[in-house]
Amino acid sequence: MLTGRQMHLAEGHARALRIDRGYGVFGVAADTGAEAQAALAALIPADGELWIVEGDRWPLPPGTREGKRAVLAQMVAEGPPPAPRAGEPPIIALSDDDAAEMAALADHARPGPWGPKTHLYGPFFGVRESGRLLAMAGQRMLMPGMAEVSGVATWEDCRGRGLARALIGHVMRAMVARGETPFLHSYADNAGAIALYESLGFRIRRQVHVLVITK
């Protein structure tokens, strides 16, 4: 991510990088050696945290505090994206004008780390009703030939209406139209979310580990 298509968003140097703090909290180190671990720790903001996502369990860098560890299921879409279902609500493109509402929805639904620029990662889409933003979904990480579905969020009183399904399908179709394969991450113990993603054509590729660190 930070050494490829989104390297323009990277902060740091060769031993450790992090995403622009406005976009999010993700960081990466070259290896688990002392120099890289120290460089990674130096990228933690004084009043914030850094998230490391790796294939293997990552050691805690010296001088840092463990905020959380979790296992994620990394899922990749197989086959064509799902076609829209009859009766799905109109889906609109979101922009800077919607940023405040998107942030409020992310704060409520907790779809993952959200910063003041997260909505600028790429196309985000939403469903509005009577002017209110009910749900949204978009993209985050970009890999060679692949794009991550992310930021899927729905207000609690609007759940059960198929909004997330409709939005994820829309995002998937937009990615495939650009020649990209959709992928996403879910907490490995979130059976409900994984079942939804599987119904949309995603299959678990592997498990990855997330470590949240603070000063």
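This is a predicted model: local features need pLDDT of at least 70, side-chain atom pairs count only at pLDDT 80 or more; totals for chains, interfaces and linings use all residues.

Residues are numbered from 1 along each chain as its sequence is written, and side-chain values use heavy atoms, with hydrogens and water left out.

When I say helix or strand, I mean a DSSP run, of at least four residues (H or I) for a helix and at least two (E) for a strand, numbered from the N terminus; two strands pair if DSSP finds at least two bridges between them. With those terms, the model has an open sheet of 11 strands with mixed pairing, in the order S1-S2-S3-S4-S11-S5-S10-S9-S8-S7-S6. At its edges stand strand S1 (10-13) and strand S6 (92-93), and each has a single partner strand, so one side of each is left without a neighbour in the sheet.

Now let us look at strand S9, residues 146-154, where seven of the nine residues are buried, buried meaning under 20% relative accessible area with a 1.4 Å probe and protein chains only. Strand S8 (residues 132-143) runs antiparallel to S9 and is joined to it by six bridges, with Ala153 in S9 as the bridge partner of Met136. The two strands form a hairpin with two residues between them, and Gly145 in the turn has a positive phi of about 75 degrees. Strand S10 (residues 181-187), by contrast, runs parallel to S9, with three bridges between them, and there Met146 stands opposite Thr181.

Which element gives the most to the lining of the largest pocket? That is S9, with seven residues. A pocket here is an open set of points on a 1 Å grid over the protein atoms alone, where a 1.4 Å probe fits and protein lies on both sides within 12 Å along at least five of seven lines, and lining residues have an atom within 4 Å of a point. The largest pocket is lined by 35 residues, and Arg110, Pro111, Val152, Asn190 and Tyr197 lie nearest its centre. Elements giving two or more residues to this lining include S4, S8, S9 and S10.

Definitions and conventions. Buried means under 20% relative accessible area, exposed over 50%, partly exposed in between (1.4 Å probe, protein chains only).
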